[in-house]
Amino acid sequence: MTTTDRLDRQHQEDLQRLRGFRLLDDDFLTKCFEGDPRYIQLVLRIVLNRSDLIVVDVRTQVFVENLLNRSVRLDVLATDGAGRKINVEIQRSDKGAGRKRARYNSSMMDANFLRKGEDFDALPETYVVFITEHDVIGKDLPLYHIDRYIFDTGESFGDGSHILYVNGAYRDDTPIGRLMHDFSCTAPEDMYYDELAERVRFFKKSKEGIAIMCKVMEDMRNESLKEGMKEGMKKAALRMLQAGKYALEEIADISGLSVDDVKKLQAGQGA
């Protein structure tokens, strides 16, 4: 097979894959919601039941760094006109929507939204919203709101931290039921909400949108290749560390990692 034939075959496979994309696929959703706040605003107005909510900023694939421990990448991070910070996560796997995952996302948002010297009361109100393909809570409700309460009195603790799970399997003729239907659609003409259909149609039907999505899929393949190569480099470095015959600089030179990366591997194996 020639290079041209291989590339043409890959392009046809990408087009086939694009036809099957839904808003429940996180890579597709983050591209659809990138840049223009109108689309995430529609979703949040329905999910949070706030018809007056105005999204003033939206970012996708936001990397929130933790220098000492695990960092996170947020699918969507929106800011509304009242300064509320809203993280929306798409999860098709039940495991990826674990309760402690929601707790960690919430804590990472708090840790990164308070500047040095600011009073704790300056923390913004935050929402972590998981939209899941299945009913991960299992009570057959469209939405699950999780807040902190004072156990002894039943009163809200009022710390401004909220977690919501949206049941992507829920269907009825309410706004949330229609929204979850749209999230599962592959064809824009089958969707209820015109704004979402318009956005999905752009990326699936227009020449410009298709080109953007094909580039996204190509970048994802390249990133996976890089990750695979880096894993191989790490394994080689670990073998050299375990042999105990090489200086850190030699390991870095041979494996292709940085000296700092080799030091982290060394610390991780308890050396």
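**Notebook: charges, overall form and cores**

I looked up the charges first: the mean positions of the 41 positive and 47 negative charges of the protein lie 4 Å apart. Lys and Arg count as positive, Asp and Glu as negative, while His and the chain ends are not counted. I took each charge to sit at NZ of Lys, CZ of Arg, CG of Asp or CD of Glu.

I note that this is a predicted model, in which local features need pLDDT of at least 70 and side-chain atom pairs count only at pLDDT 80 or more, whereas totals for chains, interfaces and linings use all residues. Residues are numbered from 1 along each chain as its sequence is written, and side-chain values use heavy atoms, with hydrogens and water left out.

I then turned to the overall form. The protein has nine helices and six strands, which are DSSP runs numbered from the N terminus (helices: H or I, at least four residues; strands: E, at least two). Of its 271 residues, 39% are buried, that is, under 20% relative accessible area with a 1.4 Å probe, protein chains only.

Next I examined the nonpolar cores, sets of buried Ala, Val, Leu, Ile, Met, Phe, Trp, Tyr and Cys residues joined through side-chain atoms within 4.5 Å. The largest has 48 residues, and Ile-40, Val-47, Ile-131, Leu-179, Phe-183 and Leu-196 touch the most other members. Helix α3 (residues 38-47) gives the most to this core, with seven residues.

Which residues does Val-47 contact, leaving aside neighbours within four places in sequence? I found Val-129, Leu-143, Leu-164, Val-166, Ile-176 and Leu-179, where contact means heavy atoms within 4.5 Å. A second, separate core of 14 residues includes Val-64, Leu-74, Phe-130 and Tyr-165.

How values were computed. Buried < 20%, exposed > 50% of the residue type's maximum accessible area, 1.4 Å probe, protein only.
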